[in-house]
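Have the viewer open while you read.

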Amino acid sequence: MHGYLSLSDELLVFESQFWNGEFSFVGGIDEAGRGCLAGPVVAAAVVFTDHARIPEGLNDSKQLTENRREELREILLSEPGVQWGIGEVSAEEIDRTDILRATWKAMALAAAQIIPPAQFLLVDGNPVHGLPLPSQNLVKGDARSATIAAASILAKTHRDHLMIRAAEEYPSYGFEIHKGYGTAQHLAALKQHGVTPLHRKTFAPVHDLLFPPEFTQQDLF
């Protein structure tokens, strides 16, 4: 069993402003994997259709342990009053466009899956272009808004699961541990085993392995 947030909870301050106005259903959006060297960028969108059944314990996914994130994921997915969507953009498309546009696309894909019931979107971080609904951005929104926090948890756990599966295909890289981020273990594996199709070839550590910078005269001294 788990509890539910009071409608006066500080995590619902922004949602309540819209609920008491013209929008009954407010969605939250967040992304995961923007700074990784490998794998897709993933976005999640969440809308609570039952305002009385918003689970307790929601927070920025980075502030939660892996076990707690997984617990909250299962709670969110089992609640009938939680509508959600996931958007993914591959490493190949990130290289073809850029990470900002890829992130915006992933968010738009996720948001499209919760229309209806969502009528308005709260987005973590900076303003996002191309969303299918009116929106407001919230800096550090994943710690200030329950809907964004829920989206943060679903985006992070969904992406983690993708990278754990990637580790089965590429067992030498440790994807199940670092999830594609540029850790020392990951960089060492890249140097030893080379670049996989999952790697973002326009990101500096990967790009520099593929196209080593030329020596300058200073390098000789």
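Which residues are buried in helix 7 (residues 184–193)? They are His186, Ala189 and Leu190, where buried means under 20% relative accessible area and exposed over 50%, with partly exposed in between (1.4 Å probe, protein chains only). Seen down the axis of helix 7, the buried residues fall within an arc of 105°, so they line one face; the arc is that of the directions from the helix axis to the C-beta atoms. Turned away from that buried side are the exposed Ala184, Lys191 and Gln192.

A note on the source: this is a predicted model, so local features need pLDDT of at least 70 and side-chain atom pairs pLDDT 80 or more, while totals for chains, interfaces and linings use all residues. Residues are numbered from 1 along each chain as its sequence is written, and side-chain values use heavy atoms, leaving out hydrogens and water.

Helices (H or I, at least four residues) and strands (E, at least two) are DSSP runs, numbered from the N terminus. After helix 7 comes Gly194, with a positive phi near 90°.

Now the sheet: it's open, with five strands in the order 3-2-1-4-5 and mixed pairing; two strands pair if DSSP finds at least two bridges between them. Strand 3 (82–89) and strand 5 (135–138) are the edges, each pairing on one side only. Strand 2 (residues 41–48) and strand 3 run antiparallel, joined by eight bridges, and Phe48 has Val82 in strand 3 as its bridge partner.
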